[in-house]
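The stops below proceed from the whole chain to selected residues.

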Amino acid sequence: MLNLPTRQAENPVFTNVNNIPVIGFIGSSGSGKTTIIEKVIQYLVAEAVKVGVIKHDAHRFDIDKPGKDSWRFREAGSQTTIISSDTMIALQRRINHPASLDNLLAYFHEEELVIVEGHKSAPHPKIEVYRSKNGKPLQYQNFQGVIAIAAPRHDHHQLLSSKLPLLDLDDCRAIVDFIYKYLR
């Protein structure tokens, strides 16, 4: 359980409308965002933290399968379709414009931490995931709220000028500890 004390007013934790803290990961495609988020979730869950995740996908996606009941309902014109079982709920909603991060965060009400992959322009605190071998530039200067850079140790020497905390991308425990420290 996170059990977060209240932070000083001048440095508040970014939360959703349900007062759940939010931390994000950004980075170029192929940098390892999904892999590190997966590992962070595993560490947090092992410590009994209830975690929620929002993944922004720049491409069109479909969670349904053609011919299944829920797909048929949606294709018939249903604005919102909820699929439920005894252990899971899936919500599909047609939208005319991209959903704001605030609207998406409002869906979380039982979690203790929400991790966001993407949504680079939103104001929540973000850790940039970077790999020099990816051949893509750093992004921290282009977006507000970047609080640290996670990169392989061999890339740290070229990142010192960022003046941001540098996290070892291969040391998930250190990244989780940084998140705890930041949120406290």
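A residue is called buried under 20% relative accessible area, exposed over 50%, and partly exposed in between, with a 1.4 Å probe and protein chains only. This is a predicted model, in which local features need pLDDT of at least 70, side-chain atom pairs count only at pLDDT 80 or more, and totals for chains, interfaces and linings use all residues. Residues are numbered from 1 along each chain as its sequence is written, and side-chain values use heavy atoms, with hydrogens and water left out.

**The whole chain**

Begin with a cartoon view. The chain has four helices and eight strands, which are DSSP runs numbered from the N terminus (helices H or I, at least four residues; strands E, at least two). Their order from the N terminus is β-α-β-α-β-β-α-β-β-β-β-α. Along the principal axes, the C-alpha atoms fill a box of roughly 55 × 40 × 30 Å. Of the 184 residues, 40% count as buried.

**The loop between E6 and E7**

Select Pro-137, which is located in the loop between E6 and E7. Is Pro-137 buried or exposed? With a relative accessible area of 62%, Pro-137 is exposed. Contact here means heavy atoms within 4.5 Å; not counting residues up to four places away in sequence, Pro-137 touches Ser-28, Glu-128 and Tyr-130. To span the model, draw a C-alpha to C-alpha distance from Pro-137 to Ser-78: the two are 42 Å apart in space and 59 residues apart in sequence.

Next select Gln-139, which lies in the loop between E6 and E7. Gln-139 is buried, at a relative accessible area of 10%. Leaving aside neighbours within four places in sequence, its contacts are Ile-26, Gly-27, Ser-28, Lys-120 and Glu-128.

**The nonpolar cores**

A nonpolar core is a set of buried Ala, Val, Leu, Ile, Met, Phe, Trp, Tyr and Cys residues joined through side-chain atoms within 4.5 Å. Show Phe-25, Val-40, Ile-127 and Ile-179, which touch the most other members among the 25 residues of the largest core. Two or more residues of this core come from each of strand E1 (22–26), helix H1 (33–46), strand E5 (113–117), strand E6 (126–129), strand E7 (146–151) and H4. Which element gives the most to this core? It is H4, with eight residues. A second, separate core of 10 residues includes Val-22, Ile-54, Leu-101 and Ala-122.

**Helices H1 and H4**

Colour H1 and H4. They pack at an angle of about 70 degrees with axes 10 Å apart, the axes being lines fitted to C-alpha atoms over the stretch in contact and the angles running from 0 to 180 degrees between N-to-C directions. H1 is therefore roughly perpendicular to H4, a term for angles of 65 to 115 degrees. On the H1 side, Ile-36, Lys-39, Val-40, Tyr-43 and Leu-44 meet Cys-172, Arg-173, Ile-175, Val-176, Ile-179 and Tyr-180 of H4.

Finally, display the side chains of Phe-178 and Tyr-182. The structure holds one aromatic pair: the ring centres of Phe-178 and Tyr-182 are 6.4 Å apart and their planes lie at 25 degrees, so the pair is stacked. Rings pair if their centres lie within 6.5 Å, and planes under 30 degrees apart count as stacked. Phe-178 and Tyr-182 are both buried.

Key. Rings of Phe, Tyr and Trp (its six-membered ring) pair if their centres lie within 6.5 Å; planes under 30 degrees apart count as stacked, over 60 as edge-to-face and the rest as tilted. Angles under 35 degrees count as roughly parallel, over 145 as roughly antiparallel, 65 to 115 as roughly perpendicular and the rest as oblique.
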